[in-house]
Amino acid sequence: MQKTGKLELTWVGKYESKVIEPRILVENPELSYGDPNSENMLIHGDNLIALKALEQDYAGRIKCIYIDPPYNTGYAFTHYDDSVEHSIWLSLMRQRLEILYTLLDDDNGSLWISIDDDERDYLKVLCDEILGRANFVCSVIWQKKYSPQNDAKWLSDNHDYVLVYAKNKAVWRPNLLPRSEEANARYKNPDNDPRGPWKSGDISVKRVTPKDIYEVITPSGRRVLPPAGTSWRLSKETFDDYVADNRIWFGPDGNNVPSIKRFLSEVKDGMTSLTIWLREEVGDNQEAKREVKELNSDDVFDTPKPERLIEKILKLATKEGDLVLDSFLGSGTTAAVAHKMDRRWIGIELGNHAYTHCKVRLDKVIDGEQGGISKAVGWKGGGGYKFYELAPSLLVPNPIIPEIKQINPVYTFEMLCEAICKLEGFKYKPNGRIHGQSSEKRFIHITKEFVNGEYVNSLIATLGEGQSLLIYGTKIQSDLRLPDNIVVKKIPKDLLDKCTFESEVR
Ligand SMILES: C[S@@+](CC[C@H](N)C(=O)[O-])C[C@H]1O[C@@H](n2cnc3c(N)ncnc32)[C@H](O)[C@@H]1O
């Protein structure tokens, strides 16, 4: 992770974060919807734990992360609280941004964060520290409102920001946006050029290069020089070639200062995005409210984003099939838009609206709802997602002697095996007596049976040349003699420093 060096934002509690236990995710098949083979994930729970749960499988795989965290404006919205102490907000963001950073694809990953004036500058410095100041791409200004609020005490604020970072700005490039009718309409063909419509471009540049300052004689006979302090963009030789090729325009009467003809047929296959995004193009708060009202009229989500805003971000940052993540999912906009645009997605939401809004919305999307961007992208329905809950902590205090930790009684044996694999960095892949694998040659076995010499030998017999095995057991013979390729660990003793308890996570 790149550090900024001298400049650092500090606050009370910055370095107090606890190690987070990578929990397992438990699917609730009754809430999953549509295609059962879909890899899309809707996760209910705190995003810090959920992101940690995803880290092992998704590090370096996410192409676009969009987040719209609580802006910390001081309001208590119906569905979530937007008022925490400033330093707590910074700590919350820091912990989450660190994991988000590891999840981003090293070359093609980008992070987009909605924020307003309350925390924007603090968030920028924080992101500089985590993602590297050199990876800051820009700060988009989004016109979120149209009508001025005359009752505003100071100025009537009508924009938000979207901070944009690349994981690696030297390599990452946004996609071009499809050329709009409006942009194409600026190309005309007043001289009926057989190469088609064109637009005139400035032929002078703000630099003084003596060899590129020469007199041009217009067809009408007028002599022109580049304006003071500028030179022609083209050398005399190239200029003459351009004139011969009818690429220089002197105006309808042949008397204007020359300009270059830029043909529509020769421009790039798309347009580079600007950094000011107006409501006509990407929608505003009102449009977003209307969209979610159509989906959930009795309990309208307070702070949704318009689908067109997210569509523009995904157009710039992803292509079909790419993985998109939103860990502050709210009413589910990012997942809905990603789904309609044929991207794969992971959405995380802490509130009960994961059930009442995200699920309801995504089910309707899969059924082919026609609101938001549906018509523009030709959405017809289809696909699916799996609904996950976060497993509770693997270890819990013993009800009689709380200092002693024990396996959480809600864990089935399968959950225990999956959790231990995750904590030890093995991929959970049950196959006979093997529960997981961390490389071609390294395996793990977990058991509640008594682990003695005979038991270990029976496992060794299943190993191939050069393979090693980690055994986790609840009951282990004390004086076991083990060959070099076998390690035995005890449940729960050897898991204690890898687990955190519910009350310790914020
Ligand atoms: C501004 S809203 C996001 C709105 C969203 N962009 C939309 O279009 O609907 C922020 C959301 O973050 C959620 N949130 C806040 N803290 C969270 C946490 N620790 N884990 C997961 N979600 C959280 C809130 O419940 C809220 O729904």
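User: Which cysteine sulfur is closest to that of Cys499, and how far is it?

Analyst: In this predicted model, the closest is the sulfur of Cys421, 14 Å from that of Cys499. That is too far for a bond.

User: What would count as close enough for a disulfide?

Analyst: The two sulfur atoms must be within 2.5 Å.

User: Is Cys499 buried or exposed?

Analyst: Buried. Its relative accessibility is 7%.

User: How many disulfides are there?

Analyst: The count is zero. Take Cys138: it is in no disulfide, and the nearest cysteine sulfur belongs to Cys64, 13 Å away.

User: And is Cys138 buried or exposed?

Analyst: Cys138 is buried too, with a relative accessible area of 17%.

User: New topic. What angle do helix 9 and helix 10 make?

Analyst: They pack at about 10°, and their axes are 9 Å apart. Helix 9 covers residues 333–340, while helix 10 covers residues 353–366.

User: Why call them roughly parallel?

Analyst: Angles under 35 degrees count as roughly parallel. The angle here is about 10°, so helix 9 and helix 10 are roughly parallel to each other.

User: Left-handed or right-handed crossing?

Analyst: Helix 9 and helix 10 cross in a right-handed way.

User: Which residues meet there?

Analyst: Helix 9 brings Thr333, Ala335, Ala336, His339 and Lys340. Helix 10 meets them with Arg361, Leu362, Val365 and Ile366.

User: How many of the residues in that contact are nonpolar, polar or charged?

Analyst: Five are nonpolar, two are polar and two are charged in the contact of helix 9 with helix 10.

Notes:
Residues are numbered from 1 along each chain as its sequence is written. This is a predicted model: local features need pLDDT of at least 70, side-chain atom pairs count only at pLDDT 80 or more; totals for chains, interfaces and linings use all residues. Side-chain values use heavy atoms; hydrogens and water are left out. Axes are lines fitted to C-alpha atoms, for helices over the stretch in contact, and angles run from 0 to 180 degrees between N-to-C directions. Helices (H or I, at least four residues) and strands (E, at least two) are DSSP runs, numbered from the N terminus. Angles under 35 degrees count as roughly parallel, over 145 as roughly antiparallel, 65 to 115 as roughly perpendicular and the rest as oblique. A crossing is left-handed if the near helix is turned anticlockwise from the far one by less than a right angle, and right-handed if clockwise. Contact means heavy atoms within 4.5 Å. Ala, Val, Leu, Ile, Met, Phe, Trp, Tyr, Cys and Pro count as nonpolar, Asp, Glu, Lys and Arg as charged, and the others, Gly among them, as polar. Buried means under 20% relative accessible area, exposed over 50%, partly exposed in between (1.4 Å probe, protein chains only).
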